[in-house]
Amino acid sequence: MSLPQRILLGVSGGIAAYKACELTRLLVKSGCEVRVAMTPAATEFVTPLTFQALSGRPVHTTLLDESAEAGMGHIELARWAEAVLVAPASADFMARLAHGLADDLLATLCLATETPLFLAPAMNRVMWANPATQANRALLETRGMTLLGPAEGDQACGETGAGRMLEPAEIVAALRERHAAGPLAGVRLTLTAGPTREPIDPVRVLSNRSSGRMGFAVAAAARAAGAEVTLIAGPVALPTPAGVNRIDVETAADMHRAVLERLPATDLFIAAAAVADYRPAETSAHKMKKSADTLELALVRTPDILAEVSAHDPRPFCVGFAAETDDLLDNARSKLAGKGLDMIAANRVGPTLGIEQSDNALEVLWHDGARSLPRAPKEQLARDLVALIAERYRTLHPIKEDTTLHAQD
Ligand code: CTP
C-alpha cells in the first residue's frame with residue numbers, strides 16, 4: 001500500500017505537536033509532498049519555522065492572511081490535498097470538527113475538503129474517555145473520518161492510559177494501510193440501473209426512458225468510496241465505470257434473478273433501475289402483424305425487486321429511488337415505509353430534470369431524517385448521495401477500529 005502523494009498535515013494545539021515535526025520529516029523522506037497548517041494554539045508549542053524547514057514549504061497558520069491567500073488560498077489548499085492528516089488532533093479540535101466549525105484555518109480546511117480525513121488524537125486519558133469526546137469520535141467516524149490511535153501509555157501529564165498520540169512511524173504505517181480505504185471500504189454493493197425491456201414479440205418491447213446515467217454515476221462514486229460494486233444494468237449505452245463488475249440484463253425477470261443471485265454477497269443494495277412494473281402476459285414467438293385498428297395487450301406485474309430484497313432475512317441496507325411527477329415527498333415517504341427501506345432518494349421528473357437529463361436534484365429521506373441535495377450534474381449529485389448513504393450505513397455498521405496500539409516508552 002502506498003502513501004498519499006500530497007498530504008495536508010494539520011497540527012492542533014497539544015504537547016504532541018513536537019512529534020508532528022518527526023512525522024513531517026518521515027513523510028517527506030517517504031516521498032510525500034507535505035504542506036502544514038497549524039492552529040494558533042499549535043504555534044505556541046512549535047514554531048511555524050520548524051515545519052517550514054522540515055517540509056520545505058511555507059506553513060499556513062491564519063485564515064485571513066493576504067499573502068498566503070495570494071499564494072495557495074485555503075480552498076485551493078483543501079482541493080490540492082490527496083489526504084488530510086491532523087496530528088495531533090486535540091480534544092478541542094475534534095469537538096470543533098464534529099460541530100462543523102470553521103473558526104480557524106485548519107478547521108476551515110477540514111470542512112472545505114472532499115479528500116479523506118485522518119485524525120491522530122492526542123490528549124490526557126480523562127479527556128479522551130470523557131463522554132463528550134467519545135460522542136465526537138463516534139460522530140466523526142460515522143462521517144467517514146479515520147482515527148489513527150490513540151495509543152495507551154505514559155502521558156506528558158504524568159498519567160498513564162489511552163490518549164497519547166501514536167508514534168510518527170506508527171502514523172505513517174497506519175496511513176499507508178488505510179490510504180485508499182474510503183467510507184465504504186470493503187462494503188459489497190449491488191446496484192441496479194437503467195431501464196428494463198419487456199418483449200412483446202421478437203422486434204417490439206415495452207420499456208421506459210431511463211438512460212441509466214444516475215445509476216452508473218452512483219456506481220462510480222461508490223467505487224471511489226471504496227465499495228466493491230456489482231452493477232446490474234438494463235439495456236443502456238454507457239461505459240462501465242472503472243473497477244466496477246457489470247452484469248447486463250434485459251428484462252425485469254432477468255434483473256430479479258441476477259439480484260437474488262448476488263444477495264448472499266450483498267451488504268448494501270441500491271435500486272436505481274427504472275424497472276418496468278408490467279410486462280406483456282404473453283410474448284409472441286412471431287412478429288405480430290397489424291390488422292384491427294386497435295390492439296389490446298394484457299399485462300402482468302413484474303416482481304418488485306427492491307421490496308423483495310428489503311423483506312429478505314437477512315437483509316442488506318436498502319436504498320430505493322422514486323421518480324415522481326406529483327406529490328414527491330408524500331409518494332417517497334410511502335415507498336420508504338411500504339417497501340421497508342433504509343433510505344429513499346426521490347426526484348421530480350420534469351422537462352429539465354431527471355430522466356434523460358444531465359442534471360438532477362434529490363430529496364433523500366430516511367425514517368428519522370431528510371436532506372435535500374440541490375440541482376447539480378448527476379455525477380456531482382451521485383457523489384453527494386453516496387457520502388450520505390455511507391454516513392447512514394456507518395451508523396448501523398461502524399468501521400471496526402483496531403489501531404489502538406499499546407505503546408511503551
Ligand atoms: N423497483 C424494483 N422493482 C420493480 C419496481 C421498482 O426494484 N419491479 C424499485 C426501483 O428501482 C426504485 C423503487 O423500486 O428504487 C421505486 O420504484 P417506482 O417504480 O418509482 O415505484 P413503484 O413502487 O413501482 O410505484 P409506482 O410506479 O406506482 O410509482
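This is a predicted model: local features need pLDDT of at least 70, side-chain atom pairs count only at pLDDT 80 or more; totals for chains, interfaces and linings use all residues.
Visitor: What makes V259 a buried residue?
Guide: Its relative accessibility is 1%. Buried means under 20%. V259 is therefore buried. It is found in helix α12, residues 252–262.

Visitor: Which residues does V259 touch, not counting those up to four places away in sequence?
Guide: T192, I232, F269, I305 and V309. Contact means heavy atoms within 4.5 Å.

Visitor: Why is I171 called buried?
Guide: The relative accessible area of I171 is 0%. The limit is under 20%, so I171 is buried. I171 sits in helix α10, residues 168–178.

Visitor: What is I171 in contact with, leaving aside neighbours within four places in sequence?
Guide: L23, L85, A87, A120, L148, M165 and L166. P40 is 131 residues from I171 in sequence and 23 Å away in space, C-alpha to C-alpha.

Visitor: S310 is a serine. Is S310 buried or exposed?
Guide: S310 has a relative accessible area of 7%. Buried needs under 20%, so S310 is buried. S310 belongs to helix α13, residues 305–311. Beyond four places in sequence, S310 is in contact with R315, C318, K339, G340 and L341.

Visitor: How do you know that D327 is exposed?
Guide: D327 has 55% relative accessibility. Exposed means over 50%, so D327 counts as exposed. D327 is in the loop between β16 and α14 (328–338).

Visitor: What sets the phi of D327 apart?
Guide: Phi of D327 is near 45 degrees, a positive value in a residue other than glycine. Most residues other than glycine have a negative phi.

Visitor: What makes a set of residues a nonpolar core?
Guide: Its members are buried residues of the nonpolar kinds listed for a core, joined through side-chain atoms within 4.5 Å. Here the largest such core has 40 residues. Those with the most contacts inside it are L184, V218, L268, I270, F321, L362 and L385. Helix α15 (residues 378–396) gives the largest share, eight residues. A second, separate core has 33 residues, including L3, A20, L23 and V59.

Visitor: Which residues is L385 in contact with, leaving aside neighbours within four places in sequence?
Guide: V218, F321, A345, L362, V364 and L373.

Visitor: How is the protein divided into domains?
Guide: Domain 1 covers 6–179. Domain 2 covers 188–281 + 297–396. Their C-alpha centres lie 38 Å apart. The C-alpha atoms of the protein fill a box of roughly 90 × 45 × 40 Å along the principal axes.

Visitor: How many of the 409 residues count as buried, as a percentage?
Guide: 48%. The protein has 15 helices and 19 strands. It exposes about 19400 Å², and carbon and sulfur atoms supply 53% of that.

Visitor: How many side chains are positive, and how many negative?
Guide: 40 are positive and 49 negative. The centres of the two sets lie 5 Å apart.

Definitions and conventions:
Residues are numbered from 1 along each chain as its sequence is written. Side-chain values use heavy atoms; hydrogens and water are left out. Buried means under 20% relative accessible area, exposed over 50%, partly exposed in between (1.4 Å probe, protein chains only). Helices (H or I, at least four residues) and strands (E, at least two) are DSSP runs, numbered from the N terminus. Domain bounds come from an automatic or database domain assignment. Accessible areas come from the Shrake-Rupley method with a 1.4 Å probe; for residues, only the protein chains shown count as cover. Lys and Arg count as positive and Asp and Glu as negative; His and the chain ends are not counted. The place of a charge is taken as NZ of Lys, CZ of Arg, CG of Asp or CD of Glu.
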